[in-house]
Amino acid sequence: MDKYIVTGGKRLAGQVDIHGSKNAVLPILAAAVLVDGQSVIRNCPDISDTRCSIAILRHLGCAVDYDGKTLVVDASTASGVALPEEAVSKMRSSIIFAGALLGRFGEVDSAFPGGCLLGGRPINLHLEGFRKMGVVFEESSDRIDGKVSKLRGTQIDLTFPSVGATQNLMLAAVLAEGTTVITGVAKEPEVVDLQNFLRASGADVSGAGSSMIVVNGVKRLNSAEYTIMPDRIVAGTYLVAGAITGGHIRLNNVNRRDIYPATYALSKMGVDLWSEGDGLVLKANGRLEAIKNLITRPHPGFPTDLQAQFSALLCLAKGRSVVEENLFEARHAHLEELTKMGANIKIEDGSRFTIDGVSGLQGTDVVAKDLRGGAALVLAGLTADGVTTVHNACYVKRGYVDIAGDLQSLGADIRLVRS
Ligand code: UD1
């Protein structure tokens, strides 16, 4: 198993580019299936989820060319409706292809995506929405086999602003007959990015970023070129890297509005942040203040995907912080590992925990159990006394093209050891 070896104590300085967004690229690659032609998608991060999506696209009959940045998909030859089982088991978000397949072919055939370490991960909202659009699913607890002769526009009211359900239903609605109105939708920037790609391809979609999306079905989508948005979670992770080491760093290619919840929290802790051209500069001064309540919520609230990284930072802040995780029932595996490094954390229940800041952490062997939790351990290692070995680097690599290289370029002592 690959691992990161981090020797703490280096103050980060310099600049780093933020790569394309993992969570934006997946729905946009699924959207490419709806296009009866070629889509040129730039700034696609070279991570395992992108590679897994390419495997799905090829399995469905699309021609795909990828040079590690720009991905060209020609879906005019697509004909498959079955998602490969291996892809669904490796990447539960591959369910995002269901909306596109129903839209293009009126059929989808997939294994049921299971839960993950963060909890159960149901997809009831996706399926209820598809049903309202006319899809009939065969009854089976472990498969999603759905058919419809032609999807029809309707009104769908989401009872929770699920990112995946919002995107899946947008994809299904693009080529449907008539108008689909989806209320209670997720407002995440990746939903807006999907809308922008769909519009560039000729879809009639509006409202992304607000709580209601309206899609007027069109007959076909055309070829387009599109650049994926910067990854706001990678940006937030590197801001914490700067803050946790008392550093002075600049991030290039960030959209400051998208990461406002993170920059707001950092400012409250006493970090200086300012914009410079398309970059964002961070300067940390001395020991940071605790945050009374850090509560994860759907966008524009504080993102659950930065909870672990900020928890690592709060371990070293002055005073007591209370963190509340509201999106996933079991997103706390990193806390036990941080405790091994000397953090003072008390879990009240699965979703609420108290962190009393300590003056330093000690390097030791820790285990990444999920993507963002693993990133949090790398961040803790940057400031810990001595050497921190983060096992299971494979989890972290799912979301960062080269976290070790990026942090090295900022002066960190970190290396990825492959085994
Ligand atoms: C996406 C992101 C993930 C992020 C999450 C929340 C991708 C590939 N992943 O995941 O990184 O952490 O948004 O910002 O974009 N839920 C239901 N029923 C449903 C769907 C969801 O109950 O049908 C629940 C989930 O169990 C979870 C919550 O809603 O507790 C949020 O899930 P959702 O917004 O759908 O997250 P994902 O799209 O899976």
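Residues are classed by relative accessible area as buried (under 20%), exposed (over 50%) or partly exposed (in between), with a 1.4 Å probe and protein chains only. The structure is a predicted model, in which local features need pLDDT of at least 70 and side-chain atom pairs count only at pLDDT 80 or more, while totals for chains, interfaces and linings use all residues. Residues are numbered from 1 along each chain as its sequence is written, and side-chain values use heavy atoms, with hydrogens and water left out.

The chain contains 14 helices and 23 strands, taken as DSSP runs (helices H or I, at least four residues; strands E, at least two) and numbered from the N terminus. The radius of gyration, computed over C-alpha atoms, is compared with a globule rule of 2.2 Å times the number of residues to the power 0.38. For 419 residues a compact globule would have a value near 22 Å, and the 21 Å of the chain agrees with this. The C-alpha trace spans about 65 × 40 × 40 Å along its principal axes.

Of the 419 residues, 57% are buried. Contacts are defined by heavy atoms within 4.5 Å; among those between residues at least 6 apart in sequence, 73% join residues at least 24 apart.

With a disulfide defined as a pair of cysteine sulfur atoms within 2.5 Å, the count is zero. Cys-394 is in no disulfide, and the nearest cysteine sulfur, that of Cys-52, lies 14 Å away. Cys-394 is partly exposed, with a relative accessible area of 35%, whereas Cys-315 is buried at 0%.
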